[in-house]
Amino acid sequence: MSSDDCKVGGYDVPRDTILLVNAWAIHRDPKLWDEPNSFKPERFEIGDGEARKLMPFGLGRRSCPGSGLAQRVVGLALGSLIQCFEWERVGEEKVDMTEGRGSTMPKVDPLVVLCKARPITNNVLVAA
Ligand code: HEM
């Protein structure tokens with residue numbers, strides 16, 4: 001929310017305007033990213049240079065204060081799901097990545113999978 005009349009990127013923004021950052025578009029801008037629609041996790045390796053352009057937690061003094069926690073938990077949750085379960089697709093067709101409406105980017109066609117706990121997971125649960 002702008003506290004005063006101002007200019008952002010050359011545009012006049014009147015006082016009391018709610019300005020939303022289109023992070024979706026910025027993260028897919030071919031002027032900024034090499035092959036923006038390709039899955040290339042190596043682009044985020046330290047030293048590569050593209051990681052600094054990623055802004056899922058916003059930027060500046062109102063950026064997400066939970067980003068440190070979130071990044072650790074997301075890695076932990078994903079790693080646990082991969083290490084503790086075997087995953088299997090239900091169908092053979094190519095996964096449809098079409099995005100639906102809404103700010104959380106739901107898939108139009110949900111991905112259906114089967115999962116089975118690996119033996120190590122039973123050991124972990126029994127030990128706990
Ligand atoms: C993957 C998980 C998360 C994502 C992607 C995320 C993303 C964001 C984004 C984009 C903003 C707005 C930043 C801006 O206005 O520029 C935000 C704000 C905020 N987030 Fe998160 N967040 C996550 C997890 C968390 C967690 C775990 C916490 C707390 C434990 C948290 C607490 C907050 C708070 C309090 C704000 C408001 C900050 C302010 O307005 O000054 N978030 N988050």
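The second largest pocket is lined by 17 residues, and among these Met1, Leu19, Val21, Leu59 and Arg62 are the ones nearest its centre. A pocket is here an open set of points, on a 1 Å grid over the protein atoms alone, with protein on both sides within 12 Å along at least five of seven lines, and its lining residues are those with an atom within 4 Å of a point. The space in this second largest pocket amounts to about 490 Å³, where grid points are joined across faces, edges and corners and a volume is the space filled by probe spheres set on the points. Its lining comprises eleven nonpolar, four polar and two charged residues; in this division Ala, Val, Leu, Ile, Met, Phe, Trp, Tyr, Cys and Pro count as nonpolar, Asp, Glu, Lys and Arg as charged, and the others, Gly among them, as polar.

The structure is a predicted model, in which local features need pLDDT of at least 70 and side-chain atom pairs count only at pLDDT 80 or more, whereas totals for chains, interfaces and linings use all residues. Residues are numbered from 1 along each chain as its sequence is written, and side-chain values use heavy atoms, with hydrogens and water left out. The pLDDT, which is the predictor's confidence in each residue on a scale from 0 to 100, averages 90 over the chain, and 98% of the residues score at least 70. Among the elements of the chain, the lowest mean pLDDT, 79, belongs to helix H3 (residues 119–127), and the highest, 96, to strand E2 (residues 11–13); helices (H or I, at least four residues) and strands (E, at least two) are DSSP runs numbered from the N terminus. For the model, the scores are ipTM 0.98 and pTM 0.81.

The largest pocket has a volume of about 650 Å³. It is lined by 19 residues, of which Arg28, Pro36, Ser38, Phe39 and Met105 are the closest to its centre. This lining divides into nine nonpolar, five polar and five charged residues.

The cysteines were examined next. The iron atom of the ligand has a single donor from the protein, the SG atom of Cys64, at 2.2 Å, where donors are N, O and S atoms within 2.8 Å of the metal (3.2 Å for Na, K and Ca), and sites may look incomplete because water is not among the atoms. Cys64 is placed in the loop between helix H1 (23–26) and helix H2 (67–84). A disulfide is a covalent bond between the sulfur atoms of two cysteines, and is taken here as a pair of cysteine sulfur atoms within 2.5 Å; the structure holds zero disulfides. The closest cysteine sulfur to that of Cys84 is in Cys115, and because the two are 11 Å apart, they are too far for a bond. Cys84 is partly exposed, with a relative accessible area of 22%, and Cys115 is partly exposed at 47%, the term covering values between buried (under 20%) and exposed (over 50%) with a 1.4 Å probe and protein chains only.

Most residues other than glycine have a negative phi. Asp16, however, has a positive phi of about 65 degrees although it is not a glycine, and is found in the loop between E2 and H1. Glu35, likewise not a glycine, has a positive phi of about 45 degrees; Glu35 lies in the loop between H1 and H2 and is partly exposed, with a relative accessible area of 47%.

Technical notes
1 Å grid on protein atoms, 1.4 Å probe; cavity = no way out; pocket = protein on both sides within 12 Å on 5 of 7 lines; lining within 4 Å.
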